[in-house]
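This briefing covers strand pairing and aromatic contacts. The sequence and structure come first, and the notes follow by topic.

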Amino acid sequence: LVISDWTGSCIVSLSDGHKALSISCGPDENGNVPVLQKIIRASDGSFWGVGFSPAYWYSEREENGSIHFHKAGQVEAGGNIHSTALTELEGGQIAMAFSDAGILLVNPSDHTEEQVTFPEHYDQNYISVIQEDQDGNLWIGTTDWGLFRFSLNDHQMTRIPEFRDMRIWNICESAGNIYILAESSVYRYDS
């Protein structure tokens, strides 16, 4: 867990306690310094950050109480793209959701990327949450089109009809069940 604020500092929750760190970014190739909206610490100790741009940021490690991020890549899409969700998957990939551009999966060891896109009919999406389940599926909650399941094994995207057009705010898995916070109710989905 990483808690960040607008002042350039963060608190990192580690297995042996909490640690306060300072953070800095960029600048990118245009001289812009980003505002990071979400930061995670991956299992390999690296830090990943996304914010109000189509770019994603990376830091190999924390050093002397600070984390310095540099630009690692960018989603190629037009419009006003910004990040909306960020998580580490069981296999170590970093999953980043970008409004209207789908999900980007990045391998942290070599920074190779895989773009996960929605069927053309659902291309205008605000992805509010992504959650991996124990079967290797990504559950994708949107505020526009409802709930989707993407299989990391066969790369199939499925829209879950019971949640069509609902606003999905959060998803979690517990004991093999998927729980979805949609609109103002919590649902258990039996796949």
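Trp139, Phe163, Tyr187 and Tyr189 form one aromatic cluster. The model is predicted: local features need pLDDT of at least 70 and side-chain atom pairs count only at pLDDT 80 or more, while totals for chains, interfaces and linings use all residues. Residues are numbered from 1 along each chain as its sequence is written, and side-chain values use heavy atoms, with hydrogens and water left out.

**Aromatic pairs**

- Rings of Phe, Tyr and Trp (its six-membered ring) pair if their centres lie within 6.5 Å; planes under 30 degrees apart count as stacked, over 60 as edge-to-face and the rest as tilted.
- The count by this rule is 3 aromatic pairs.
- Phenylalanine 163 and tyrosine 187 pair edge-to-face, with 5.4 Å centre to centre and 90° between the planes.
- Phenylalanine 163 lies in the loop between E15 and E16 and tyrosine 187 in strand E18, so this pair ties together parts that are 24 residues apart in sequence.
- Phenylalanine 163 also forms an edge-to-face pair with tyrosine 189, at 6.1 Å centre to centre and 65° between the planes.
- Tyrosine 189 lies in strand E18, so its pair with phenylalanine 163 ties together parts that are 26 residues apart in sequence.

**Burial**

- Buried means under 20% relative accessible area, exposed over 50%, and partly exposed in between (1.4 Å probe, protein chains only).
- Phenylalanine 163 is buried at 4% relative accessible area, and tyrosine 189 is buried too.
- Tyrosine 187 counts as partly exposed, at 32% relative accessibility.

**Sheet E16-E17-E18**

- Strands (E, at least two residues) and helices (H or I, at least four) are DSSP runs, numbered from the N terminus; two strands pair if DSSP finds at least two bridges between them.
- Three strands in the order E16-E17-E18 make an open sheet of 3 strands with antiparallel pairing.
- Strand E16 (168-174) and strand E18 (185-189) are the edge strands, each pairing on one side only.
- Strand E17 (residues 177-182) pairs with E18 over 5 bridges, and alanine 182 stands opposite serine 185 in E18.

**Sheet E12-E13-E14-E15**

- This open sheet has 4 strands in the order E12-E13-E14-E15, with antiparallel pairing.
- Strand E12 (127-132) and strand E15 (157-159) each have a single partner strand, so one side of each is left without a neighbour in the sheet.
- Strand E13 (residues 137-142) and strand E14 (residues 147-151) pair over 5 bridges; tryptophan 139 stands opposite arginine 149 in E14.
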